[in-house]
Amino acid sequence: RDAAITNPPSVKPHSILLVVDAFSPVDADHDNAVHYAQLAALMARSGHSVTVLVTGPTGAAFEAVRRQFADRHITVLKLPRSKIHYGTGRVVDTSVDVLRYLAQHRDAHEHVYFFGPSGVGWATLQAARQGLVCFA
């Protein structure tokens, strides 16, 4: 419950990126979307700089939600999509787009967390494992 975490402990602030497939209230039907929103709010209240990168469809309400969370010091972004398709489906295309975003913003975030069952971190984790990219 959000009420139970209204006074988070003090910690050293960090720049955090949450990569999610859905975000509430943009996609309230998604099982975990509300939990991602609560986690972002808790991190922001703890003093962290929080950015949420939404990889799934966002709909017409996205701009209103983006403004609402900006008032809470949370930046909500849509994943910039490439026109390149790899012929293996949306999951791999999305994962490569996330890798591209991270490479372009490599100094913007100290910590990156991938959420959701869709595998959005697959390309990034494979590239890092093979030594093709380094985000340290």
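Arg66 is partly exposed, showing a relative accessible area of 31%. Keep in mind that this is a predicted model. Glu63 is partly exposed as well, at 34% relative accessible area.

These two residues pair up: Arg66 makes a salt bridge with Glu63, and their closest N and O atoms sit 2.8 Å apart. Both belong to helix α2, which covers residues 62-70. They are three residues apart there, or about one turn of the helix. As a general point, side chains of opposite charge can pair when their charged atoms come close.

## Asp97 and its link to Arg81

Now for Asp97, which forms a salt bridge with Arg81, with 2.8 Å between the closest N and O atoms. Asp97 sits in helix α3 (residues 90-104), while Arg81 is in the loop between β3 (74-78) and α3, so this pair ties together parts that are 16 residues apart in sequence.

Arg81 is partly exposed, with 40% relative accessibility.

## Arg100 joins in

Asp97 has another partner in Arg100: this salt bridge has its closest N and O atoms 2.9 Å apart. Arg100 and Asp97 are three residues apart in helix α3, so about one helical turn separates them. Arg100 comes out as partly exposed, at 28% relative accessibility.

Counting up, the model has three salt bridges.

## The chain around them

Zooming out, the protein chain has four helices and four strands. If you follow the sequence along, the pattern reads β-α-β-α-β-α-β-α.

Among contacts with a separation of 6 or more, 67% are between residues 24 or more positions apart.

Methods:
Residues numbered from 1 in each chain as written. Predicted model: local features only at pLDDT ≥ 70, side-chain atom pairs only at ≥ 80, totals over all residues. Heavy atoms only, no water. Salt bridge = Lys/Arg side-chain N within 4 Å of Asp/Glu carboxyl O. Helix = DSSP H or I, 4+ residues; strand = E, 2+ residues; numbered from the N terminus. Buried < 20%, exposed > 50% of the residue type's maximum accessible area, 1.4 Å probe, protein only. Contact = heavy atoms within 4.5 Å.
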